[in-house]
Amino acid sequence: MAVRYVAVKDSEAHDITAALDVLGIKYDYFGHDEVWSVIKMHGFNGVNSWQRTYDRALEKVGVE
């Protein structure tokens, strides 16, 4: 199984992790800074290249 990393606004991270809990999707939460957080979701059959690493998730939203 693959994992998917996604960068989200820090202010929205709690709502997203609560929804993942309801859906039963396992995840790891990583705070990045005051603006962005990264969530690593487990259990996917495949992911595209932008979703494979922590750094790429941040690159996708313009964080360097």
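Tyrosine 54 counts as partly exposed, at 25% relative accessibility, in what is a predicted model.

**The aromatic pair**

The structure holds one aromatic pair. Its members are phenylalanine 30 and tyrosine 54, whose ring centres are 5.9 Å apart and whose planes stand at 85°, so the pair is edge-to-face. The two residues come from distant parts of the chain, 24 residues apart, with phenylalanine 30 in strand β2 and tyrosine 54 in helix α2 (residues 54-60). Tyrosine 5, by contrast, counts as buried at 15% relative accessibility, because buried means under 20% relative accessible area.

| Residue | Relative accessibility | Class |
|---|---|---|
| Tyrosine 5 | 15% | buried |
| Tyrosine 54 | 25% | partly exposed |

Tyrosine 5 is found in strand β1, and, when its neighbours within four places in sequence are left aside, its contacts include both Phe30 and Tyr54, along with Val38, Ile39 and Lys40. Gln51, Arg52, Thr53 and Ala57 are also among the residues that tyrosine 5 contacts.

**The strands**

Strand β3 (residues 36-44) is mostly covered, with seven of its nine residues buried. Strand β1 (residues 2-9) runs antiparallel to β3 and is joined to it by eight bridges, and within this pairing lysine 9 has tryptophan 36 of β3 as its bridge partner. Strand β2 (residues 27-31) also runs antiparallel to β3, to which five bridges join it, and here tyrosine 27 is the bridge partner of methionine 41 in β3. Between β2 and β3, which form a hairpin, there are four residues.

**Helix α1 and what covers it**

Helix α1 (residues 10-23) has 14 residues and reaches 20 Å from its first C-alpha to its last, close to the 20 Å expected at 1.5 Å a residue. Ala13, Thr17 and Leu20 are buried in this helix. Seen down the axis of α1, the buried residues fall within an arc of 60°, so they line one face of the helix. Ser11, His14, Asp15 and Val22, on the other side of α1, are exposed. The cover over the buried residues of α1 includes β1, β2 and β3. Just after α1 comes glycine 24, which takes a positive phi of about 80°. Glycine 24 and tyrosine 5 are 19 residues apart in sequence, and their C-alpha atoms are 17 Å apart in space.

In soluble globular proteins, nonpolar side chains tend to be buried together. Here the largest nonpolar core has eight residues, namely Ala2, Val8, Ala13, Leu20, Ile39, Met41, Phe44 and Val47. At least two residues of this core are supplied by each of β1, α1 and β3, and β3 gives the most, with three residues. Alanine 13, one of the residues of this core, touches Val8, Tyr29, Ser37 and Ile39, not counting residues up to four places away in sequence.

Notes
Residues numbered from 1 in each chain as written. Predicted model: local features only at pLDDT ≥ 70, side-chain atom pairs only at ≥ 80, totals over all residues. Heavy atoms only, no water. Buried < 20%, exposed > 50% of the residue type's maximum accessible area, 1.4 Å probe, protein only. Pairing = 2+ DSSP bridges. Contact = heavy atoms within 4.5 Å. Expected span 1.5 Å × (residues − 1). Arc of directions from axis to C-beta. Core = buried A, V, L, I, M, F, W, Y, C linked by side-chain atoms within 4.5 Å. Phe/Tyr/Trp six-rings, centres within 6.5 Å; stacked < 30°, edge-to-face > 60°.
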